Each structure stands twice: as structure tokens, then as C-alpha cells.
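Please look through the structure below before reading on. The paragraphs after it go through a few places in turn.

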Amino acid sequence: KKGGFEHFMQKEIFEQPDVFYNSFAKKIDEDVISALKKAVLITVVACGTSYHAGIIFRYLMEKYCKIPVRVEIASEFSNFTPCRDSVMIAVTQSGETADTLSALKSSKSENCTTFAITNVLGSSVTRAADHVLYTLAGPEISVAATKSFTAQVAVLLKIVSCLSEYDIEEELSGIHAVLEEALMFDAEPAAELCKNSESMFFVGRGVFYPVSLEGALKMKEITYIHAEGYAAGELKHGPFSLLCENTPVIALCTKDESYPVMMSNIKEIKARGAPVIAIGTGDDIDLMEICDLYIPLPDSSKISEIITASVILQVLAYKTAVLLGRDVDKPRNLAKSVTVI
Ligand code: F6R
């Protein structure tokens, strides 16, 4: 069943070139597009990994479509006031997460148009929402979400693409080959550096901030190493006091508009004694010089880098967990779907 792979998680990670490609290629119905086009505000509710996909969507939707997006953790949503007559998107792999379902239902009672993005045909959320968009990840056995995250990002990117003048499809045209290349990266040196740490930080700016949140979640979930995702500019507002030689920092530093300020953030981190593993664009000599270990992303478009960086962080978490002898597919204390509030 594992198709020659050691774990389901590894198999699912390697399915991602096809999963992303298929989920993005799927057409979205016209009635769904026109309902979304009317939105003056989109609220996304989700938990865990799906919540991180929602934050990525926020950065891209606001940048390319100028539609404001609010992203809320579903379990907190009942403490907020739903925005009447707006658009709500619930993102949930299983379609059964109790908090996400309840947030969606409460928005319906405020006259919102509701959308569900899910991986499971006929799941509870599909019965509760006005419109359903399916991710084409196929069954995900490993408790840690990998390919379902990539598929969610693909569907959310498809929405952005349908609502924007910008040619996102063109940017993603080479994604299958680029993801295949990203999956060939050797995670062992970075995993060796991480495996004995007390605590870790994952940092990025802009859309790489939610990518870092997801990288940290994957790391802590399957290795049991404490890991925090942080906006790179926020570290100096407290967490700097935690930095030492045993707190590796994974820094996402691609050549985008945040590059100069990310470079100075990395220098600040280095000056406080923490080892830095940097993930960047191609052969970035300047970045290589200031970090302890450098992981280049394959040559690709800016939007593709969001996906390749996410996949590389999954492989890093996986490799670290294997070196530590963890139960990768079934981490302690966790269940695949959380159906209680
Ligand atoms: C992390 C993980 C969880 C889920 C969360 C939401 O790897 O799998 O954080 O993302 O429990 O689940 P769904 O998407 O089914 O609502």
C-alpha cells in the first residue's frame, strides 16, 4: 500500500507534483466565480495546516485581486462577530472538523454565502455549504497533512487566478517539473543539524510567513521538537532572548521584495548565536555566506517558490523524525480528524 515507500507520509509527499497539478487544473464553475466576484470581504475559517493555507490565500488574494481577506482559527470564530452578508470559505481536508463546521454554520445564519474547500466527497461540510470545491489529493493516510495542504493551496490559487487579471496560470506552467526537482533535495545535513535541538524557529516575511508557520507545525508535530513559526520582523520583539547555539532558525529568504530586510534579519539572528538554515533562490552567494546551511529552491516563478519551499520543509520534518525514530505516520496524542469542539 505504501508503494515502496517507508511511510505513508513519504509517499504522500512524493505524490505532490501530480496532486498540485490536478487540483490547480480543475475548472471552477462559473456560478462559484461570480459569487466570489461579488465579495467585498472574504472570511476564511480553518484549523491547523488548513488555516495556514488560508493565510497564504490572504496574501495572494489581496495582492492580485485587491479583495480583503480575514483568516480566522475556526475554534476562535465563535468569539468574533461574523460579517453579515459576506463570503465565508471553510477550508478542511476531512470536511468533518467540528470547529470549522460550526463556524461555517454560524456564518450561514448571518446571511453569508458559504464555500467549502475539502478533500472528502460527501463529508459534513459539503452538506452545510452553499458551494463546494474539491481538492484532488486522494486519501491521506498519514496524520500529518502534506498533499492535502498542497491541494488546498492549489484550489485557493485557482480562485485567485480566476478573479485576477494577473496570469497566475502562466507562472505555474512548469510547476510539475519544479516540484519533482524540489523533492530530490537531500534533507540529511539539515535534519542532522535540527535533530538534537531544544527548540527551533521558522521565519519568513510576506507569503513566506504562513509557509514558515506550516514548516514549524510539521516539525513539531512529527519530531516532538518544539518549533515556532514567526514573522521574521517579530523575533526581535521577544523571542530573541531564546536564541542560542541550540535553537536552529530556518529562514525563508527568496529573492522577492522582502529580500534585503530578510537578509538583515538573518544577520541579527546569527549575531545572537543561533545556527541558520536558509532557503533561498538559486545560487545566492550572499545568503550562502551568512548562513550555516543553504538550501536552494529550484529555478522557478515566484508563486511556484511558495509551493517548493513548503514541500522542502515537509521533507525536512520527515527526515528529522525518521532520524529520531519517531512514529511518523501516527504521532503521539493526535488524530487525523478532530470531530469534537
Ligand atoms: C497538521 C494537521 C492538522 C489539520 C487540522 C485541520 O498536519 O493535519 O493541523 O490540518 O486538524 O484538519 P482539517 O483540514 O481536516 O479540517
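In which helix is Ala 103 found? Ala 103 belongs to helix α5, which covers residues 98–108. The model is a predicted one, and every value here is computed from it. Is Ala 103 buried or exposed? Its relative accessible area is 2%, and since residues under 20% count as buried, Ala 103 is therefore buried. Leaving aside residues up to four places away in sequence, Ala 103 touches Val 45, Ala 74, Phe 77 and Met 88. Glu 72 lies 31 residues from Ala 103 along the chain, and the C-alpha atoms of the two are separated by 9.6 Å.

The largest nonpolar core has 82 residues. Ile 42, Phe 57, Ile 89, Leu 157 and Ile 159 are the residues with the most contacts inside this core. Helix α14, residues 302–323, gives the most to the core, with 12 residues. Apart from this core lies another one, of 21 residues, which includes Phe 201, Ala 232, Met 263 and Val 276. What does Ile 42 touch, not counting residues up to four places away in sequence? Its contacts are Leu 36, Phe 57, Met 61, Ile 67, Pro 68, Val 69, Arg 70, Val 87 and Ile 89.

Two helices can now be taken as a pair. Helix α2 (residues 16–25) packs with helix α9 (residues 175–182) at an angle of about 155 degrees, and their axes are 8 Å apart. Angles over 145 degrees count as roughly antiparallel, so α2 and α9 are roughly antiparallel to each other. The crossing of α2 past α9 is right-handed. On the α2 side, Gln 16, Pro 17, Asp 18, Phe 20 and Tyr 21 take part in the contact, and they meet Ile 175, His 176, Leu 179 and Glu 180 of α9. By type, the residues of this contact divide into 5 nonpolar, 2 polar and 2 charged.

The last stop concerns backbone angles. Most residues other than glycine have a negative phi. Asn 111, however, has a positive phi, near 65 degrees. Asn 111 is found in the loop between α5 and β4 (113–118). The relative accessibility of Asn 111 is 48%, so this residue counts as partly exposed. Asn 333 also has a positive phi near 65 degrees, and it is found in the segment after α14. With a relative accessible area of 76%, Asn 333 is exposed.

Key:
Residues are numbered from 1 along each chain as its sequence is written. This is a predicted model: local features need pLDDT of at least 70, side-chain atom pairs count only at pLDDT 80 or more; totals for chains, interfaces and linings use all residues. Side-chain values use heavy atoms; hydrogens and water are left out. Axes are lines fitted to C-alpha atoms, for helices over the stretch in contact, and angles run from 0 to 180 degrees between N-to-C directions. Helices (H or I, at least four residues) and strands (E, at least two) are DSSP runs, numbered from the N terminus. Angles under 35 degrees count as roughly parallel, over 145 as roughly antiparallel, 65 to 115 as roughly perpendicular and the rest as oblique. A crossing is left-handed if the near helix is turned anticlockwise from the far one by less than a right angle, and right-handed if clockwise. Contact means heavy atoms within 4.5 Å. Ala, Val, Leu, Ile, Met, Phe, Trp, Tyr, Cys and Pro count as nonpolar, Asp, Glu, Lys and Arg as charged, and the others, Gly among them, as polar. A nonpolar core is a set of buried Ala, Val, Leu, Ile, Met, Phe, Trp, Tyr and Cys residues joined through side-chain atoms within 4.5 Å. Buried means under 20% relative accessible area, exposed over 50%, partly exposed in between (1.4 Å probe, protein chains only).
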